[in-house]
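Dear colleague,

Please find the structure below, handed over for your use. My notes on what was found in it follow directly after.

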Amino acid sequence: MYWIDYHHHTNNSFDSKAVMDEVCAKAVEKGIDEICFTEHFSVNPKAPTYGHMDFKKYISDIQHAKSKWQDKLNIKMGIELCEPHLMKDEYKEALNVVEFDFILGSIHNIKEEKLRHYLFDKENHTAYLGYFEEVLKLIT
Ligand SMILES: [Zn+2]
């Protein structure tokens, strides 16, 4: 069995205080073979993620972790984008300076409303339909 975790945040994301080296140590302890860090990043000034990412620090953290854990853990550098389909050109411009192993597209908001608020008062079918319509826009 080859265990992977392709959705993980550290203090390079606005919503985590985890230190990459400690995450790697824990992953090795738990028998994870490969981990991809998917730090939040947004080019939308209205998003809470906006302005937090320091690519220089992130890349340095990745390089340090790769050299320290190379025999025990396969480490990938990813990024998680909030609604990338809404600001494609801005994302392309911001991200073409960095070579990522993996880009995770996420829907955290629908029509500028937080997903949990959007889903709160809707029937299951309507809620899922709205969500998947947004996912379809993201991937097409
Ligand atoms: Zn995430």
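The protein chain has 5 helices and 6 strands, where helices (H or I, at least four residues) and strands (E, at least two) are DSSP runs numbered from the N terminus. Read from the N terminus, the order of the elements is β-α-β-α-β-α-β-β-β-α-α. Please note that this is a predicted model, in which local features need pLDDT of at least 70 and side-chain atom pairs count only at pLDDT 80 or more, while totals for chains, interfaces and linings use all residues. Residues are numbered from 1 along each chain as its sequence is written, and side-chain values use heavy atoms, with hydrogens and water left out.

Overall form

Along the principal axes, the C-alpha atoms of the protein chain fill a box of roughly 50 × 35 × 25 Å. Of its 140 residues, 39% count as buried; buried means under 20% relative accessible area, exposed means over 50%, and partly exposed lies in between (1.4 Å probe, protein chains only). The protein chain exposes about 9,100 Å², of which carbon and sulfur atoms supply 53%; accessible areas come from the Shrake-Rupley method with a 1.4 Å probe, and for residues only the protein chains shown count as cover. Among contacts in the protein chain with a separation of 6 or more, 68% are accounted for by residues 24 or more positions apart, contact meaning heavy atoms within 4.5 Å.

The zinc site

Three residues coordinate the zinc ion at 2.0 to 2.1 Å: His 7 (NE2), His 9 (NE2) and Glu 80 (OE). Donors are N, O and S atoms within 2.8 Å of the metal (3.2 Å for Na, K and Ca); water is not among the atoms, so sites may look incomplete. Along the chain, the donors follow the spacing H-x1-H-x70-E. Distant parts of the chain are linked here, with His 7 in strand β1 (residues 4-8) and Glu 80 in strand β3 (residues 74-82), 73 residues apart. His 7 counts as partly exposed because its relative accessibility is 45%, whereas Glu 80, at 1%, counts as buried.

The largest pocket

The largest pocket has a volume of about 530 Å³. It is lined by 22 residues, of which Ala 47, Pro 48, Glu 83, His 108 and Asn 109 lie nearest its centre. By class, this lining has 8 nonpolar, 6 polar and 8 charged residues. A pocket is an open set of points on a 1 Å grid over the protein atoms alone, where a 1.4 Å probe fits, with protein on both sides within 12 Å along at least five of seven lines; lining residues have an atom within 4 Å of a point.

Individual residues

Glu 83 is found in the loop between β3 and α3 (88-95). This residue has a positive phi of about 45 degrees although it is not a glycine, and it is buried, with a relative accessible area of 8%. Lys 111, in the loop between β5 (109-110) and β6 (113-114), likewise is a residue other than glycine with a positive phi, near 50 degrees. Lys 111 counts as exposed, at 72% relative accessibility.

Lys 66 lies in helix α2 (residues 55-69) and is partly exposed, at 36% relative accessibility. Leaving aside neighbours within four places in sequence, Lys 66 is in contact with Ile 75 and Asp 101.

Kind regards

Key
Grid points are joined across faces, edges and corners, and a volume is the space filled by probe spheres set on the points. Ala, Val, Leu, Ile, Met, Phe, Trp, Tyr, Cys and Pro count as nonpolar, Asp, Glu, Lys and Arg as charged, and the others, Gly among them, as polar.
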